[in-house]
Amino acid sequence: MVSRMVAAEQIASSSLTGASVVSACALIFTVASFWWLHARQGRLRAWEPHSFAAIIQGSTARLRLPLVLHNTGPKPIVVQDVILTFPDDPASHLPLLWVSSPSRLQPGPDKEAKLPAGFVVPGREAQQLFLEFEAPFSGFLPEARDYKAQIQVRVGHRRGWRPLLAFTLRAANIVHPDRYTVYNNAPVELTKADQRRADAALLELLEEHGDSSPPGDPPIDGGAGPSG
C-alpha cells in the first residue's frame, strides 16, 4: 500500500514538473515573439547607387546620390545626420557634408529647397531618398578613376557615426566636371576617347585649383551626361 502511494506521488510530481516546463516554455516563446515582432531594434541597410550627379568647381565638389534605406526591425529608426567620406584617400580628410534633400536625381530648378533635416525610416519599411553632399577638397581633387566611398550616419538609438554603406564611386565617368549633371555608376568600360576626355577635364581643374575661389551656385545642365 505504501509503495503504491509513493509511486502515485512520484507520478504526480513528474506531471507537475512537466506542466511547469511547458508553461515556462510557452511564456518564453510568447515574450520572445512579442519582442521580435514589436520591440526589436533593427538596423539600416542600403545598396550601391547605380547613378549619381556631380560637379567639381574650383576646390569644391558636390555629389547627389539616390539611396534606398531599409529598416530591418519593427521599431522606427531616426536618422539625424549623414556624411560621405573617402577612407582610402588621406588627402580628402574633409567629409562631404549633407547639404540638401532634393526631390530628384537630375539637377534642375527645384520649387523649394529642402535643407538637411532628420528623418524617420519606419519599421520593416524601405524608402528612396536623394541626398546631396558638398565640401571643399582640401589639397585633393578626384582623378578619373574609381574611389572607395563610404556613407556614415548618426542614428537616434546609437552614439557617434555609424557606417551605413561602402561602395565604388566611378569618378572616371565624370567627363564634364564643370556641369552639374547625371552619370552612370555601373561597372562599365569607358571608351578610350571618354577616358582621355575625363582625364583632360579633371587635369584642367587640378591646374586651376590653386587660383580658384569658392564657387557660388553651380551651373545646371538639363541633360544627362554620358554613361560611358
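Reader: How much space lies in the second largest pocket?
Author: About 230 Å³. A pocket is an open set of points on a 1 Å grid over the protein atoms alone, where a 1.4 Å probe fits, with protein on both sides within 12 Å along at least five of seven lines. The volume is the space filled by probe spheres set on the points, and grid points are joined across faces, edges and corners.

Reader: Is this from a predicted model or what should I know about the source?
Author: This is a predicted model, in which local features need pLDDT of at least 70, side-chain atom pairs count only at pLDDT 80 or more, and totals for chains, interfaces and linings use all residues. Residues are numbered from 1 along each chain as its sequence is written, and side-chain values use heavy atoms, with hydrogens and water left out.

Reader: Which residues line the second largest pocket?
Author: The lining is Q41, G42, R43, L44, I77, V153, V155, H157, R158, R162, P163 and L164. Lining residues have an atom within 4 Å of a point. Two elements give two or more residues each, β8 (146-155) and β9 (162-170).

Reader: Which element gives the most?
Author: β9, with three residues.

Reader: How do the lining residues divide into nonpolar, polar and charged?
Author: Six are nonpolar, three polar and three charged. Ala, Val, Leu, Ile, Met, Phe, Trp, Tyr, Cys and Pro count as nonpolar, Asp, Glu, Lys and Arg as charged, and the others, Gly among them, as polar.

Reader: New topic. How many helices and strands does the chain have?
Author: Two helices and ten strands. They are DSSP runs numbered from the N terminus: H or I for at least four residues makes a helix, E for at least two a strand. From the N terminus on, the order is α-β-β-β-β-β-β-β-β-β-β-α.

Reader: What does β4 pair with?
Author: β4 (residues 77-85) runs antiparallel to β6 (residues 119-121), with three bridges. Two strands pair if DSSP finds at least two bridges between them. β4 also pairs with β8 in the antiparallel sense over six bridges, and two bridges join β4 to β5, again antiparallel.

Reader: Which residue of β8 stands opposite V82?
Author: V153, which is also in the lining of the second largest pocket. In β5, L96 stands opposite L84.

Reader: And β2, is that strand mostly covered or exposed?
Author: Mostly covered: six of the seven residues in β2 (residues 51-57) are buried. Buried means under 20% relative accessible area, exposed over 50%, and partly exposed in between, with a 1.4 Å probe and protein chains only.

Reader: Which strands are joined to β2?
Author: β2 has four bridges to β10 (residues 181-184) and five to β3 (residues 60-71), antiparallel in each case. A54 has T181 as its bridge partner in β10 and stands opposite L63 in β3.

Reader: What lies between β2 and β3?
Author: Two residues, in a hairpin; G58 in the turn has a positive phi of about 60°.

Reader: Last one, S100. Why does S100 count as buried?
Author: Because its relative accessibility is 12%. S100 is in β5 (residues 96-100).

Reader: What does S100 touch?
Author: K114, P116, F130, L131 and E132, not counting residues up to four places away in sequence. Contact means heavy atoms within 4.5 Å. With E132 there is also a side-chain polar contact of 2.6 Å. A polar contact is a pair of N or O atoms within 3.5 Å; within protein, one must be able to donate a hydrogen and the other to accept it, and residues adjacent in sequence count only if both atoms are side-chain atoms.
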